[in-house]
Structure formats: C-alpha cells, structure tokens
Amino acid sequence: MSLLSVDHLSIGYQTKKGMLKAVDNIRFDLEKGQSLGFVGESGCGKTTIGMALMGLLPENAVILGGHIRFQGEDLASLTETQWQTVRGAKIAMIFQAAMNALNPVMPVNEQIKEAIITHQPDISKTDLADRMKELFDLVDIPARRMKDYPHEYSGGMKQRAIIAMALACDPALIIADEPTTALDVIVQDQILREIKKVQEATRTGLVFISHDIAVVASVCERICVMYAGQIVETGTRKEVFKSPRHPYTRTLLNSYLSLDNLNDIRVPDMKESPDQMIDTDECRFAGSCAYAKGCAGRSPDWIDISPTHKAFCCNPDMIRRGHGKS
Amino acid sequence: MQNKYFWWRFYKGWRIFIENPLGKTGVIILSVFMIMAMASFFVPLIDPMYDPMTGIDPDIKLSTGPGLTHWLGTDNVGRDILAQLLEGAKVAFIVGLSSAFFSIVIGTLIGMIAGYTGGIIDAALMRFADIIMVLPSLVILLILASLFGQFNIWIIVFIIAILRWPAVSRVIRSQTLSLKHRPFIEASRVAGASHVRIVLRHIMPNVLPLAFLYMTFRVTSAILVEASLSFLGFGDPSQVSWGMMLQWVWKSGHMFQAPYWLIPPGLCISLLTLAFYMLGRAMDEVLDPRLRKEGQTG
Amino acid sequence: MEKADSKSRILVEMKQVTKAYASRKKLFTGSSPQVLALNSIDLSIAKGEVFGLVGQSGSGKTTTGRLLVRLESPTAGEIFFNKTPISQLKGSGLKTYRSRVQMIFQDPYQSLNPHLSIAETVLEPLIVQKIGTPDTRTEKVVHTLDTVGLSPGEAFFNRYPHQLSGGQRQRVAIARAIVLEPQFIVADEPTSMLDATIAIQLFQLLEQIKETFGMTVLFITHNLAAARYMCDRIAVIHDGHIVEVNTADNIIRHPEHPYTKQLIKVQPGFKYTR
C-alpha cells in the first residue's frame, strides 16, 4: 500500500462567474521515503494540491471528485476535527516564508517542545529532551542556540527551526510549498540540502511544490509537471529533465535561465493562459503549443515512454519519438 | 468622475455591501427616513395647519393624543407631531450630511498634506489635530452658545465640522503614508510629476473610499451633537428638529404625560444614527482588510 | 557588444558614493547608529551598454538604482550623468534629468496606479514633461504600447491594471518608462515576480528596445544567470561594496572574489541531474 495515493482528484473554486477548475483529474502515488516534486507556473493548481493534502483548502473550494488516500484513510472526506489528529502529527508542512510563523516572544526550543507535546501529551521529560536534541542535530542548529529567540536567528536558521518543528512529531509525510522562495540563493542552497538530507535520513515521504524547476530538480526523485490544473508529464528527475517529452515541459526548460543552459534558451510564444472555467476534454496547452497541428477536437491521453515516464498529449508519435532536451 | 476603475470597484463594493445584513438593514431604515424627509416638503401643502413650526390647529388648545386629523397627536399649542417629525428627518439629514461632508473635506486635505509632506509640517498639523480631537465638542458648543446666544443651524453644522475633522485626518494621513512609497507613486515622481499632481491624481483616488467610510461615522456623531444641543435649549429656535421636539416636551412638562410626543423623536434619533452606523460597519467590510486595520489605529 | 574601454563614452558614473540610513535610536545610549547601504562605491556605465548589478537582498543594489533615478540622494560622493553632476539637481534641472532617466520597478502589481487606465498611465510622463499635443501624445502612446507587445495599442487604451496579467502589467510599466525615449533605464528586478516563461519574453523585449532606441540599461537582479543572459558587463555587490566588475562571460568563467565564487556555486541549475 502506498503512503499517499491520489486518484482522479478534481478541485474547483466557486467564483461569481461559475466553477473554476483549479485541479483537474490528478493522479499520483507516493511511497514511504520517496520525494515527489510538483512544478508549474502560477495558477497551475500546484498550491491547491498542497492545501488539499493538508486539509487547508479555502472555504470556496470544493472537492469535485476523487480520493486522497493516506495510509489507507481517505483524506478528502475528513471533518475538521478528524483533520486535527492528522495535520501536524502525520502530515507536516513547510510554507513559503514560514519563518515568519515563529512566535517572536517565545524561545525557539519552547515552540518546538509545544509542537511535540500537543500531539504526544504523555511524553516523559527525558524522552522530550532526547527528542529535542535529536531534532536540532538533524537540522544542524547548534545546541547552544536552542534557547534563543527567533529574532536572534538568521533567516536560514529560522527556516531550519521550522523544518525541525515540522519533523517534531515524526510525520510520515511532509508537504513543502515553495519553502525557499523568499530566501537568498545562498541560504536557499543550504535549506534545500537540509531538506534533502533530513528527508533521506528520516525516510519521510516528501511532496515538494515549487515554480522553480531547478529547485525541484535538486530535491526530488520524481517530478510532476503541471499546466492549467492538469499533470502533463511525470517521470523520474532524470527522465523529465534530460529527455522532456511534453511540449510544455520543453517550453519551461527552454525558458529557464541557469548558468549551465544559456545556449539552449528559446523564447516561447506563450498565449493567454487557458480559461479554466470551461470544462473541456481538449488539450489546454494547444493554444501555446508549437507542435499543435491537427490537435483541435482531439482529447489528449496518457502516453507511456517508460514504466515511470508518461506524458499527456494528443500526439503519441511526437511524444514517443522524443526530441532530446530541446 | 469618468474613472472606470472607481465605478467598477464601486459596483463590486456595492454587491458585497448589500449582501451584508447590516448594510441591508441600514439601507432600508435610511430609505424610510429619506421618504419622511421628502414628505416634509408636501405636508404643509395639504393644509397650513400642518406646518411644523407655525401650523396651529384652531380647534386644539392642549396637547392631544393620536387621532384622525393628527395621526401622532399634537403638541401643547396644537401643532402636528407627525409634521414636526417629518421636518426633523429633513433637518437631521441636512445637519448630519453637510457637517460630515465639511469635516471629511477638511480632514482629507489636512491628512493628505500631513502624510505626503512629512517632517515638521506633518508634526505641526498632527499636534494641532490632537488638540482639537481632545476638545469635547458638545461642551464647546454650549459655551459658545451661552456666550453668543442661540446659533443659526448652519453655524452649528459648521462648528461641528470644524471640531470633528481630526479623526478623519489621522486615518487619511496613515493611508497616505502607506501609499507614499508605493512604486506607482515613485514611478510618477521619476517621470517628473509635481507634488500637487501626485497628491490629486495618485493619492486622492486611493484614499477616497476610506474618507467615505469615515463620513458615515461623522454623520452619526453630528446628528447626536445637534440633538443634544437642541434638547438642552441651545439649538436654532427657528428650526424644528428632533432634539428641539424633545426640548419642547420637557419644557412644557409633558415628559411623563405625553408618550405619543416623547417617544417618536427619541426613537427617530436612535434609529437614524443606528442606520448610519450600520452603513459604516458594512462599508468597513467592503474596504479591504488592510485598510480596515489602519483605519482602527486612527 | 559595447565595451567601457573608451572614457569619452561613459554615460553614468558614480564616484565614491555612500548612502547611509539612520537606524532607530537605541533606547538608553540615545545614539542613532547609521546603516551603510552603500559604502563608497565606484561604477561607470558606458553608452549603449547593458550593465548588470547582481546581489542579494540588502546588498545595496536597489539603493544604487534609486540613487541613479534620484529617488534618493547620496550621503557622500557624486553621481555624473553625461559628465554633469546630478545629485544636487533641483527644479527644472531635475525635471529635465527625469525625462532622460527612467525606472522599471520590481512588482508589476504595485507599480501601476489601479485607478488609472493604461492610456492614462503611459500618457502621464508626456503630460508632466509637456511633450507634444494631445493628439500626438495619443499617437505616441499607441505606438509605444505596440512596441512593448501590447498590440493593437488601442485595444489596451481603456483597460485597467486589474484586467491585465502580471506580464502584461510589466509591459505597461516598460511602456511608461520608454515613452519619453530616455537615454538610461534602471530595471530593478523587472521579472522576479513573474513566471519563467513570461520573464524570458520580457528579457527579449528589453533587448529589442535597447537595440531600437540605443538605450543604456542598468539591470538589477539577484539572479546571476539572468544577468549573464542580459548583460555586457556585471558588477557583483555585497554588503554595500562592489566586490567585482567584469564582462559577463569572464565573471562567470573566471570569478576572482570568493563571494562571486560562492554565488556561482549555489546558483540553481540542472547540475544535480547530470
């Protein structure tokens, strides 16, 4: 049994103009100790997935269908009271700019202690002390800094404290939503290494969400590329980045500036993002796709390239042929 | 104003506003009072005896209760209470709205100038505002009235406005401060725009919604101040108002004898101020939460 | 590619410019320590060059840009534009300077006044600088909107910022900056709030504009890869000091300062997959 198994999940936002489908028929599985990255641009639905996995969907969001099975339990049907035993204890979260979530008038170790005691009220004093030491070691915060207040920490240390807090209850799954977006590149690099190291050491499942493909590439073993609410390509890190098949994945890779791909940059001709109010079976990327010839009126389908590598497209020949990284 | 964004926001705001139960109730109560104020123009035309000030029913010498010719009864000289009540609604609107309007004009101007210029001008204007803010307006009005005799209603309106702008200016100032360093203001500076242009073209449209919100609160307080002043006998003697009606009930010794005379003006004062207050609260919901928070600090 | 080797072709020069901000007073000592945003920096940008200023938040890179467009004044040192000192300019002198130097801001959601239509926003610089007649101004705005890829320009005339996407808003901000045909543009992280596919299109647009109008650009960014893509020369700024200046290729291939080396090392890329 998978740790997390999401099946045909669709989530919509009730707006004045009608239902906006933010997440459309998503499926993925995550095994214990694995890491899965979601990458896509603003409005692609990646954050909605993260919120659904934490039971933190806003009030106007509706789960239109599908299941989120976590350790055999369907999260999509939990009540708020039931969520409280899951959130923080079994599933933990690291947000963007989460360091601002630390209470400024309380020492950091007290806040982490509190997180442990909330979910394990009868933990003994010695166990608690051991656990604290273990956590601070794990995220590389020296023991002498444990009792400091948040303002005495640098931005990177605060984010590490947040990671320690997320790990406090030994969760089976961590959701990281843009955890390094507000940080400088040097700190970002440290935190990404930290997350990767911690995830490997604790064998926790990790769902990592980011708009930055290189960041996702540095942390996750498997990647899902999202566009307009749908997963359009999924595969291992190597498959997706070395041999991208979906035209959107290629567009994304070709427009990403990094020091090692400057010569491959191609300026895409992106049209307006598609109208997600309309419920359609047709390909949503067709309007901006350089290869969309004769796609009109056809519905895309999943095309297998390898047992782990799949793309969602109308054009199986093109996908199977592959174009290398171009 | 041909500003499309303004109207778009106005329309969206109106939708939120009218879906809010407070806003809806406020609008309903207010419409009733507006109809009353309109009606006050027509009642004396039916019969001169329905003139709220000078119309005396020749058949009546004492205050009488509700009846067919006088639905709410008459006062002790035979004037129609309903006619006075309608006239009072008109006066309350005039006093409340015009005084509130003057105070937000003064308050918005001073607030924008203080917030935008900063430094010593800001400090001077704000200390001045503090001094006026702590003055108790009713007491000041009473002292002035006892010094100079009873005032004309417009002078009362104006004095209330002059004493009531500081709270508005504080809020507008803090809003201006937060706007001053927004990139679109800086972009305008980089293009070479003058300070006057920046204030009028870029800052004013962005603080006006907040100014309107504060106007509703000012209306409430102006109506209450005028009513108290009139009740205490310092109102404009040539003008019927609800406070004046209460003053007449009290002066003629009918406080406990004529509930049909005492209750309507009292109830009207409470309901109208309540309606404006509800309006303000509902507008509060419309404005974005960030504005709301800054509004409370002022 | 332009080079800064000829002294006569220098457009912008900063000489020992320092900018200090007073930080909050200490409660008991009563002293107000100064925070040095820029510590005696020297910089020269040649005509027609795209010059990159790369640094992390708090490094002083944005302060440099704001000094150059005179949103701030230096605490010490002098800034020269076409060999004329500009830090004391006032009145009409300053206004003229402002018609030559423009800025593109980071956040397209904050840099447009929500109450002004696109036409009003782009018209403003022409109006305040009293350039042209109402008719020629309108024509100029339509043309500029076409140039920045919002075409047909007329279609965007009466739209408001909230009706546009982030990328379109930033195009409007670029139109506002180039409508006066300035000689020098400061672009302060113009794409850091935008998606990669949108950002790369804006880079291409900036490059086209630079070619067409022969403008000089100061490109401020935290992203070394973007700077290398856009710029002829790059300066790395750290804690208010410029630690290294070189041509874009050289600074990446042969970094000399340890801070530059570290920046290059941590730059996200696909090295993990290779």
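Chain A and chain B do not touch; their nearest C-alpha atoms are 11 Å apart. Contact here means heavy atoms within 4.5 Å.

Q: What kind of model is this, and how are residues, chains and ligands labelled?
A: This is a predicted model, in which local features need pLDDT of at least 70, side-chain atom pairs count only at pLDDT 80 or more, and totals for chains, interfaces and linings use all residues. Residues are numbered from 1 along each chain as its sequence is written, chains are lettered from A and ligands numbered from 1 in the order in which they are written, and side-chain values use heavy atoms, with hydrogens and water left out.

Q: Which chains share the most contacts?
A: Chains A and C do, of the two pairs of chains in contact.

Q: How are two packed helices described?
A: By the angle between their axes and the distance between the axes. Axes are lines fitted to C-alpha atoms, for helices over the stretch in contact, and angles run from 0 to 180 degrees between N-to-C directions. Helices (H or I, at least four residues) and strands (E, at least two) are DSSP runs, numbered from the N terminus. Take helix H5 (residues 155–167) and helix H6 (residues 185–202) of chain A: they pack at an angle of about 20 degrees, with axes 10 Å apart. That makes H5(A) roughly parallel to H6(A). Angles under 35 degrees count as roughly parallel, over 145 as roughly antiparallel, 65 to 115 as roughly perpendicular and the rest as oblique.

Q: Which residues make that contact between H5(A) and H6(A)?
A: H5(A) supplies A:Gly156, A:Gln159, A:Arg160, A:Ile163 and A:Leu167. From H6(A) come A:Val187, A:Gln190, A:Ile191, A:Glu194, A:Ile195 and A:Val198. By class, the contact has six nonpolar, three polar and two charged residues. Ala, Val, Leu, Ile, Met, Phe, Trp, Tyr, Cys and Pro count as nonpolar, Asp, Glu, Lys and Arg as charged, and the others, Gly among them, as polar.

Q: At what angle do H3(B) and H10(B) pack?
A: Helix H3 (residues 81–117) and helix H10 (residues 242–251) of chain B pack at about 140 degrees, with their axes 8 Å apart. That makes H3(B) oblique to H10(B). H10(B) brings B:Trp242, B:Met245 and B:Trp248 to the contact. Among the H3(B) residues are B:Ile81, B:Leu85 and B:Gly88. The contact divides into seven nonpolar, two polar and no charged residues.

Q: How do strands of a sheet pair?
A: Through backbone hydrogen bonds, either parallel or antiparallel. Two strands pair if DSSP finds at least two bridges between them. In chain A, eight strands form an open sheet in the order S6-S7-S8-S3-S9-S10-S12-S11, with mixed pairing. Strands S6 (91–94) and S11 (301–304) stand at the edges, each with a single partner strand, so one side of each is left without a neighbour in the sheet. Strands S10 (residues 230–236) and S12 (residues 310–313) of chain A run antiparallel, joined by two bridges. A:Thr234 stands opposite A:Lys310 in S12(A).

Q: Where does A:Asp170 lie, and is A:Asp170 buried or exposed?
A: A:Asp170 lies in the loop between H5 and strand S7 (173–177) of chain A. Its phi is near 55 degrees, a positive value in a residue other than glycine. At 54% relative accessibility, A:Asp170 counts as exposed. Buried means under 20% relative accessible area, exposed over 50%, partly exposed in between (1.4 Å probe, protein chains only).

Q: Which peptide bond is cis?
A: The one from C:Ser151 to C:Pro152, with omega near -5 degrees. C:Pro152 is found in the loop between helix H4 (134–147) and helix H5 (153–157) of chain C.
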